[in-house]
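This briefing concerns chain contacts and helix packing in a structural model. Please consult the sequence and coordinates shown here alongside the points that follow.

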Amino acid sequence: MQARDLCVRFGGLRALSNVTFAVAPSELVGIIGPNGAGKTTLFHVLSGIVAPASGRLSFAGHDLTGRAPHQFCWRGIARTFQTPRVFPALTVLENVAFGARFLHRRQRRAIAGTRAARLDEAARAALARVEMTGDASLSAGALPPARQRLLEIAMALATNPRLLLLDEVVAGLTESEAAEVARLIRGIQRELGVAVIWIEHAVGTLMRAVDRMMVLDYGELIADGAPAAVAADRRVIDAYLGGDEGGAG
Amino acid sequence: MDPSLFADLAVAGLITGGIYALIAIGLNLQYGLLRIMNIAHGEFLMVGAYLTYALRTATGASPLWFLPVSAGAMFLLGLALHRLVFRRLAATSASPEVLEERSLLVGFGLMFVMQNVALLIWGADLRGYDYLSDPIQYHGVVVTANRLLVFGVVVTISAALMIALRTTMAGKAVRGMLQSPLGALLVGVDTRRLHPICFALGLAMAGAAGSLLSMIFEVSPSMGESYTVTALIVITLGGLGHIAGSFVGALVLGLVESFGMYFTSPSLKVLLSYGVFVLVLLIRPRGLFAR
Amino acid sequence: MIARRLVGALAAVAIFALPLYGSPFAVALGLACLMYATLATSWSIFSGPTRTLSLATSAFFGLGAYCTAFALGSLPWPLIIFLGGSVAAAFAALIGLVVLRLRGAYFAVLTFGLGEVVRHAVTYIEKSQSGTVGRVLTDTPPAGTVYITVAVLAALAAVAYRTVARSDLGFALRGIGADEERAATLGVHVRRAKLAAFCLTAWFAGAVGAAAAVRWTYIDPSSVFNPFIVFQTVLIAMVGGPAKLRGPILGALIFSLLAELLRLRLPYLYMIVLGVLLILSVLFLPEGLAGVRWIDRLLAPRRRARAEASHV
């Protein structure tokens, strides 16, 4: 994934300014930043929901700037949403299978059997990755939000992605629960060779889990490097604490 | 182009546009505020027209007296509708999209009910009455007196409304609601009282427009349909929630239609406005005047 | 289970054979019922799962009717029907490219306006070409043929509905209806899916229009591009319940009977009743009559309630 000078404007607000970075295959990158920094907006750009006002976006050598969301999916980019967007009237398994239905030719794995069987197998495999196999026949709408977030990860996995965009998947979890999820994610990254970009508010969990950290503040990328280095970065500290020019309160 | 021809077309366009403005502002209040797409909006125009027609032919008095009657009747009807139908709809809809879907269907049903009630009472023939149809001349431009009057009333009503929106407390509350429904609630605007009033006000404006129309055109039960579409076109042109934008957009549309009809053909008027609609939706979906 | 299948088969035979044993009145009634069953079912193919109210049926119907007007006598009957459907579908594809980007109120009003636009366009073309606006239909096929045609179309529509509902397209459409953006991020080509369903709906509406046109000996734009057609279609589909196949069929049955009771005697009252019914059903019966449990159980096969076209 190569992003260059991404700019997004909403009305008069610059949500993203000249954001530039690259993600290598199988890399696990974390993104942190204060509220309103533009993290989710960045994900919208990386998944095709919002087109950047300027800048270029390419993935695996293909230019994806301004293309439709399904193109992003077909190229191998999958995401979860901060507020889970599952299909409430379907079961957990059906939700995951949805993701496996609309794959482009190049994404389909060569599995034998009827189409229904293949979909089922792909869905169960994805579900197993997030250890939700027991919930397969539950109604997705009835799940608590934390489980729905895991479901979203499974749905994303069903699309056979090369890059996974995770948006605050451990929100509201205790530290040990969050560590569990982090373990699952690392497993996905290692065993499936998927690159992951992970937005999180719980900075601690992220620090321990990722190889590399990016920090957004007011739409700008202010830091990009190893977690320890980023944590010690002056600009990052200022961004979180409001700077010494007297932030609010 | 011959200047008096130009003036003729311009005047005709402005007058038509004026009517469009009233209807569009009414619809803007409803859709912009409450997200209720009242697809039957034009039917209220039709009923307003018939009311004025009926009262005028029964009493022989100037139809201007009945303008407030038409508007008032539609206002009351609006209050009733909001209470009985739309409030329940809003309460039982899981999301704004669902509310919109359902109000569309309800509006669709309402459209047929109202048209057929009119058919039942008055029949399908065109009806009309004569009022101030003497032409007035000014520098080679000829306009019938009733059209001038209609335009004058339209401008007065629109101006009064826009001034009220800017200066009165209630008006500011409404503008606040148009910009941010949640914000308005937080600031203490009594949306429960204002919603039905705005809804009813929108219908009242349709009724007023219908009443004015009855003075210059003939009335028929199906006259309202095309005005609903036109109102939506105008709102799209002017921007949802922008009242002044609707006013300007309506005049623009009226002018475009007037000149367009001259250069192509009267029967292509519908095609023309439809084309404008599609064009605006594709190019500037937030309206020509959106910031 | 076998008993149900037998009953179903008998019913199908009875329906198709009606011209052989029924009175002309019964055949006409059956024709109207089947026509609306087709319209409502095919309307539900698009508007049901995507939850987008399309009011374009009148435009498609009228286009099909005009196909018949032009081609009757020069082309064989089955080809005319096919052509009627195809012209409507082509039109749908054309405007779909533009109109399908919109949702909700704008889509509804635009598709509603389509009927008007096409009506005016046809009127204009007819006037400038032949000077008159209407056309007289000669060489019309016998009532029995028309009946069978519409019956076949109804059966095809039901098959199409079911096939789509169970296919990937059906899942795509339901995903679009539930959360369009989300579906797109999961690989659904939203534009293509909508266009496919929209054109399918249009084809049936056009084909039915082509067939039904011969019921009138004289057609003109106002009668075939009549908004009442789409109104009744939507009403039947919504009151019946657009999420399941039996919904539109049930609705068509009820309304055809109601129509015969009321329409000829009190036409305006009939429409008022319909309108009120639509409003009431939207307010109180969100899933239509087919959603009311006892009706559902009466009609539905007991097996596989979930494997059927499930709601999303």
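This is a predicted model: local features need pLDDT of at least 70, side-chain atom pairs count only at pLDDT 80 or more; totals for chains, interfaces and linings use all residues.

Residues are numbered from 1 along each chain as its sequence is written, and chains are lettered from A and ligands numbered from 1 in the order in which they are written.

**Contacts between chains**

- Two pairs of chains touch, and the most contacts are between chains B and C; two residues are in contact if their C-beta atoms, placed from the backbone, lie within 7 Å.
- Chains A and B do not touch, and their nearest C-alpha atoms are 8 Å apart.

**Chain B with chain C**

- Chain B contributes 34 residues to this contact and chain C contributes 29 residues.
- On the side of chain B, two or more residues come from each of helix 3, helix 4, helix 9 (224-238) and helix 11 (269-283); helices (H or I, at least four residues) are DSSP runs, numbered from the N terminus.
- Helix 4 of chain B gives the most to this side, with 16 residues.
- The side of chain B that touches chain C comprises 24 nonpolar, five polar and five charged residues; Ala, Val, Leu, Ile, Met, Phe, Trp, Tyr, Cys and Pro count as nonpolar, Asp, Glu, Lys and Arg as charged, and the others, Gly among them, as polar.

**Helix 4 of chain B against helix 13 of chain C**

- The axes of helix 4 (residues 96-122) of chain B and helix 13 (residues 267-284) of chain C come within 8 Å and cross at roughly 160°; axes are lines fitted to C-alpha atoms, for helices over the stretch in contact, and angles run from 0 to 180 degrees between N-to-C directions.
- That angle makes helix 4 of chain B roughly antiparallel to helix 13 of chain C; angles under 35 degrees count as roughly parallel, over 145 as roughly antiparallel, 65 to 115 as roughly perpendicular and the rest as oblique.
- Among the residues making the contact are B:Arg102, B:Leu105 and B:Phe112 of helix 4 of chain B, and C:Tyr268, C:Met271 and C:Gly275 of helix 13 of chain C.
- The residues of this contact divide into 17 nonpolar, three polar and one charged.

**Chain A with chain C**

- This contact draws 19 residues from chain A and 18 residues from chain C.
- Helix 2 (69-75) and helix 3 (92-101) of chain A each supply at least two residues of the side of chain A that touches chain C.
- The largest share of that side, four residues, comes from helix 2 of chain A.
- By class, the side of chain A that touches chain C has twelve nonpolar, four polar and three charged residues.

**Helix packing within chains**

- In chain C, helix 4 (residues 57-71) and helix 9 (residues 190-212) pack at an angle of about 45°, with their axes 6 Å apart, which makes helix 4 of chain C oblique to helix 9 of chain C.
- Residues in this contact include C:Phe60 and C:Gly64 of helix 4 of chain C, together with C:Ala202 and C:Gly206 of helix 9 of chain C.
- The contact of these two helices of chain C divides into ten nonpolar, six polar and no charged residues.
- In chain B, the axes of helix 6 (residues 169-179) and helix 8 (residues 191-216) come within 11 Å and cross at roughly 90°; the two helices are therefore roughly perpendicular to each other.
- B:Ala173, B:Val174 and B:Met177 in helix 6 of chain B meet B:Thr191, B:Leu194 and B:Cys198 in helix 8 of chain B.
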